[in-house]
Amino acid sequence: MDEDRANGLIPFFCCATLGTTPSCAFDKLLEIGPLCCEEDMWLHIDAAYAGSAFICPEYRPLLNGVEFADSFNLNPHKWLRVNFDCSTMWVRNRADVVDAFNVDPLYLRHDNQGLVTDYRHWQIPLGRRFRSLKLWFVLRMFGVKGLQQYIRKHVSLAKEFETLVLSDNRFEVSAKVVMGLVCFRLKGPNSLSEKLLQKINKSRRIFMVPAKLRDTYVIRFAICAATTESSDIVHAWDIIREQADEVLTGVQNGV
């Protein structure tokens, strides 16, 4: 921020992430929040994926410092059994949003202005889809306990996969497993894991995507499907090991 000010810029917005896309890492809100308050900066919290897990009490310590936030976003379509697309956003002061997006020409005015929430003042488009309805149906259908069970099951399956990875000394887990994501790789140069992922995806039996953590190439094993079971985890691991055998054999043979 000092560097920005020295260059004639004005720091005004900070985005902290709870559950980053590459590795599901968590920013330290208790360190970032007070600084944003001191500097009068808007603090937005992006919890697009991991935010759904906060329905479980055991994960709420990861929210410590949320009281400093000016806005908070999560995507129920990512991990709360809601069909795409559905994003929810909370703002501390709705006037900050309404004043910024207010659209009030004469031809849009009506007799009930101010009596109901008019979402055309909350966004750029005048209209929006009724996304809250499908979220309401999910909450009614599964309830808090059902959704908590769903989240916990996925985390348990991720831990199961982590155990399988750690049981094979050719592999390593590259980031702490907190939610339903496991970042792993073949030990050695990045090229080994790159070849492994290419072969896995080319087989069209399972599909994964990569990420880089401080220049280290990792493979992301994300558990997201509603019907995933332990047998699916074992099946995926069998495929990964099979393809790893071929990659390492090829390297030994100079292929």
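This is a predicted model: local features need pLDDT of at least 70, side-chain atom pairs count only at pLDDT 80 or more; totals for chains, interfaces and linings use all residues.

Mentor: Residues are numbered from 1 along each chain as its sequence is written, and side-chain values use heavy atoms, with hydrogens and water left out.
Trainee: How much space lies in the largest pocket?
Mentor: About 740 Å³. A pocket here is an open set of points on a 1 Å grid over the protein atoms alone, where a 1.4 Å probe fits, with protein on both sides within 12 Å along at least five of seven lines; lining residues have an atom within 4 Å of a point.
Trainee: Which residues lie nearest its centre?
Mentor: Ser87, Thr88, Met89, Tyr119 and Arg128, out of 25 lining residues.
Trainee: And which helix gives the most to that lining?
Mentor: Helix 4, with four residues.
Trainee: What about the second largest pocket, how much space is there?
Mentor: About 330 Å³. Its lining has 15 residues, and Ile206, Phe207, Phe221, Ala222 and Ile223 are nearest the centre.
Trainee: Switching to the surface: which residues form the nonpolar patch?
Mentor: Phe130, Leu133, Trp136 and Phe137, with about 460 Å² of accessible area together.
Trainee: Why does leucine 133 count as partly exposed?
Mentor: Because its relative accessibility is 35%, and partly exposed lies between buried, under 20%, and exposed, over 50%, with a 1.4 Å probe and protein chains only. Leucine 133 sits in helix 5, residues 131-166.

Technical notes:
Patches are made of residues with over 30% relative accessible area and no salt bridge: like charges are joined within 9 Å, nonpolar side chains (Val, Leu, Ile, Met, Phe, Trp, Tyr) within 5 Å. Accessible areas come from the Shrake-Rupley method with a 1.4 Å probe; for residues, only the protein chains shown count as cover. A salt bridge is a side-chain nitrogen of Lys or Arg within 4 Å of a carboxyl oxygen of Asp or Glu. Helices (H or I, at least four residues) and strands (E, at least two) are DSSP runs, numbered from the N terminus. Grid points are joined across faces, edges and corners, and a volume is the space filled by probe spheres set on the points.
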